[in-house]
Amino acid sequence: MQFHHHGYVSGDPRVQPAAGVGINRPAELPEEVDVLIVGTGPAGMLTAAQLSRFPGITTRIVERRGGRLAIGQADGIQARSVETFQAFGFAERIIAEAYRITEMAFWKPDPLDSSRIVRSARAADDPAGVSEFPHLIVNQARVLDYFAEFMANSPARMSPDYGYEFRSLEVSGQGDYPVTVTLLHTAGPDEGRERIVRAKYVVGADGARSKVRESIGCTLAGDKANHAWGVMDIVAVTDFPDIRTKCAIQSGTGGSILLIPREGGHLFRMYVDLGEVDENDNGAVRNTTIEEIIGKANEILHPYTLDVRNVAWHSVYEVGHRLTDRFDDVLPEQRGTRTPRVFITGDACHTHSAKAGQGMNVSMQDGFNIGWKLGHVLEGRSPEALLSTYSAERQVVAKDLIAFDKEWSSLMAKKPEEFDSPSELEDFYVRTAEFPAGFMTEYAPSILIGAPTHQGLATGFTIGKRFKSAPAVRVCDTNPVHLGHHATADGRWRIYVFADGAAPTAGEGAASAVADFAEWIATAPESPLAATPEGADVDAWFDVKVIYQQDHTSVDICAVPAIFKPQVGPFQLTDYEKVYAADPAADIFEQRGLDRGGVVVVVRPDQYVANVLPLTATAELAAFFAPLLPVRLPEPA
């Protein structure tokens with residue numbers, strides 16, 4: 001964490017100085033806003049948290065409830081989400097309070113007595129080490145609390161506007177604020193009264209029954225599996241030995257349980273199989289009582305017993321898999337003629353079962369994707385065309401998620417005798433581990449994702465996939481760190497410059513490919529850094545780092561090119577924390593398949609690899625960023 005560059009900080013360094021709209025932020029919801037976010041679920045709160053780092057943009061997030069969420073239904077936090085939490089500064093704290101999944105146990109009918117269950121297998125949760133971060137279980141409400149804290153501490157000083165229900169919207173396409181939104185006060189002295197807000201953009205994060213989705217003419221299409229599950233968060237006394245281990249339990253008498261231990265050491269969640277639902281049920285299964293769910297759980301657990309002492313929450317749901325045909329308000333026949341003004345995220349555009357633990361995780365990545373793009377467009381960093389990439393990118397992800405969840409849900413609902421192999425369930429769990437962890441997303445080539453022409457230079461940083469961090473040593477203080485952990489959710493592009501073999505020891509003018517690249521990116525008029533506004537720090541839009549192949553003792557920091565040691569803040573202090581060396585114990589060049597001749601890895605603000613280029617491909621780098629940056633007018637003659 002870096003601070004003091006604006007002067008001495010004596011308090012919490014996470015609280016940044018208020019700026020822009022954060023100075024004297026009005027408590028009352030304004031009549032005109034740049035971005036109106038509807039719904040304080042995971043997608044909405046992450047979008048708001050990202051935009052809170054853009055203090056020149058008026059962003060407000062409204063919620064029909066009168067206050068914060070007390071009990072959340074989602075609880076699974078995949079490793080990709082924890083990587084995201086690291087960017088927002090609270091990964092360590094949420095890890096400390098969460099339950100950590102390291103293994104999954106599989107229980108099946110005893111071959112000698114099918115009325116009893118026995119443990120048949122164990123599987124490591126992350127056998128391949130796809131992330132340095134763990135798989136967690138923690139209440140959704142706590143995740144939202146951490147995002148709320150980040151928003152409140154950011155320069156924009158954002159906080160949710162509770163007590164507003166979305167009613168409708170209209171996009172006129174005219175004026176500075178072309179989206180007219182009608183809200184209804186749901187609490188306080190104005191309860192029952194309507195309120196009109198005009199916005200430049202609207203993000204609908206208002207759940208599976210989204211009214212924002214309805215307002216733009218989108219519908220969820222898909223199917224039901226006609227299979228019901230009871231879910232309960234409980235504390236209980238039991239003789240079941242794996243009560244604090246994630247378990248898939250299949251009984252011989254019919255029915256399954258997915259057991260998820262919860263944070264705090266005592267609470268746990270059970271998804272209890274209630275069986276197939278008659279097509280003429282008309283929702284009657286949802287009236288299943290908690291006593292019936294507990295009774296069914298005891299049947300499945302035999303010979304073990306479950307004595308429930310307290311129920312924190314319970315519900316009944318039927319598995320459904322639905323997806324919208326678009327994630328914004330641009331109709332198919334309008335594509336290419338206008339850019340979107342309204343976006344939908346999370347359950348508003350994709351729904352699926354809860355058992356794969358994907359709902360909250362994928363929703364947050366929806367928010368991360370659209371958040372920085374709105375920030376760049378509204379701040380003038382990028383053209384409006386950038387916003388069209390949101391629906392194109394995230395709809396593919398949601399489609400893949402639904403296909404995966406259908407297979408996982410079907411396997412969980414199978415009876416033991418229906419499996420092709422006795423180990424089919426655990427084999428699927430191990431084989432597909434990278435998908436539910438959140439690491440199979442791979443964005444296709446677009447204006448944001450370069451072609452894989454030079455992918456061979458960095459085989460461990462797949463273009464279109466998330467930047468997989470690796471250890472390095474920070475030269476200035478000799479600390480071993482994870483390279484990716486220094487990238488915060490500040491809306492900046494990252495340009496990682498992996499140096500050629502020459503070490504910076506013979507003076508700043510020493511000849512090397514990395515020195516030539518440094519000179520170009522610092523001074524060339526076609527360099528992306530040339531778009532940085534006058535008066536802003538040189539790294540305001542682009543965070544450029546260098547990683548040398550040598551160990552830190554061989555790197556003379558005084559000989560490192562100046563662009564990797566920028567002057568920042570009102571006192572123009574030197575930032576020494578952009579210069580790294582290989583860690584001899586875990587060489588990043590070896591771990592990520594980096595070419596020893598040097599390579600540039602470009603990473604988007606939402607942590608996805610956008611391009612891989614040789615150090616000499618400056619023209620290609622300039623061409624990649626050209627459509628993503630403001631149009632530069634020629635210098636006057």
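Reply: In this predicted model, the largest nonpolar core has 138 residues. Those with the most contacts inside this core are Phe-88, Phe-147, Trp-493, Phe-498, Phe-564, Val-601 and Phe-625. Helix 7 (residues 359-378) supplies the largest share, 8 residues. Domain 1 (20-88 + 139-221 + 322-399) and domain 3 (455-626) both contribute residues, so the core lies between them. A second, separate core of 25 residues includes Ala-105, Ile-117, Ile-290 and Ile-293.

Leaving out residues up to four places away in sequence, Phe-147 touches Met-45, Leu-46, Ala-49, Phe-85, Phe-88, Phe-90 and Met-364. Ring pairs also join Phe-147 to a cluster with Phe-85, Phe-88, Phe-90, Tyr-146, Phe-150 and Phe-368.

Ala-49, one of the residues touched by Phe-147, also has a C-alpha atom 8.7 Å from that of Ala-152, although the two are 103 residues apart in sequence. Ala-152 belongs to helix 4 (residues 140-153). Its relative accessibility is 35%, and Ala-152 therefore counts as partly exposed. Apart from neighbours within four places in sequence, Ala-152 is in contact with Arg-157 and Met-158.

Phe-542 lies in strand 22 and Phe-625 in helix 12, so that the pair links parts of the chain 83 residues apart. Phe-542 has a relative accessibility of 1% and therefore counts as buried; Phe-625, also at 1%, is buried as well.

Helix 12 (residues 618-625) lies across strand 21 (493-498), strand 22, strand 26 (599-603) and strand 27, and runs at about 160 degrees to strand 27. These strands belong to an open sheet of 7 strands, in the order 20-19-25-22-21-26-27, with mixed pairing. Strand 20 (479-482) and strand 27 (609-613) form the edges; each has a single partner strand, so one side of each is left without a neighbour in the sheet. From one strand to the next, the twist averages 30 degrees. Within this sheet, strand 22 (residues 542-548) and strand 25 (residues 579-581) pair in the parallel sense over 3 bridges, and Ile-547 stands opposite Tyr-580 in strand 25.

Strand 11 (residues 194-204) pairs in the parallel sense with strand 1 (residues 32-38) over 6 bridges, where Val-33 has Ala-199 as its bridge partner. Strand 17 (residues 342-344) pairs with strand 11 in the parallel sense over 3 bridges, with Ile-344 as the bridge partner of Gly-204.

Aromatic contacts complete this account. The model contains 25 aromatic pairs. One of them, Trp-107 with Phe-240, is tilted, at 4.7 Å centre to centre and 50 degrees between the planes. Trp-107 is in strand 5 (residues 103-110) and Phe-240 in the loop between strand 12 (221-238) and strand 13 (246-250), so the pair ties together parts that are 133 residues apart in sequence. Both Trp-107 and Phe-240 are buried.

Methods: Residues numbered from 1 in each chain as written. Predicted model: local features only at pLDDT ≥ 70, side-chain atom pairs only at ≥ 80, totals over all residues. Heavy atoms only, no water. Pairing = 2+ DSSP bridges. Helix = DSSP H or I, 4+ residues; strand = E, 2+ residues; numbered from the N terminus. Axes fitted to C-alpha atoms, helices over the stretch in contact; angles between N-to-C directions. Contact = heavy atoms within 4.5 Å. Buried < 20%, exposed > 50% of the residue type's maximum accessible area, 1.4 Å probe, protein only. Core = buried A, V, L, I, M, F, W, Y, C linked by side-chain atoms within 4.5 Å. Domains from an automatic or database assignment. Phe/Tyr/Trp six-rings, centres within 6.5 Å; stacked < 30°, edge-to-face > 60°.
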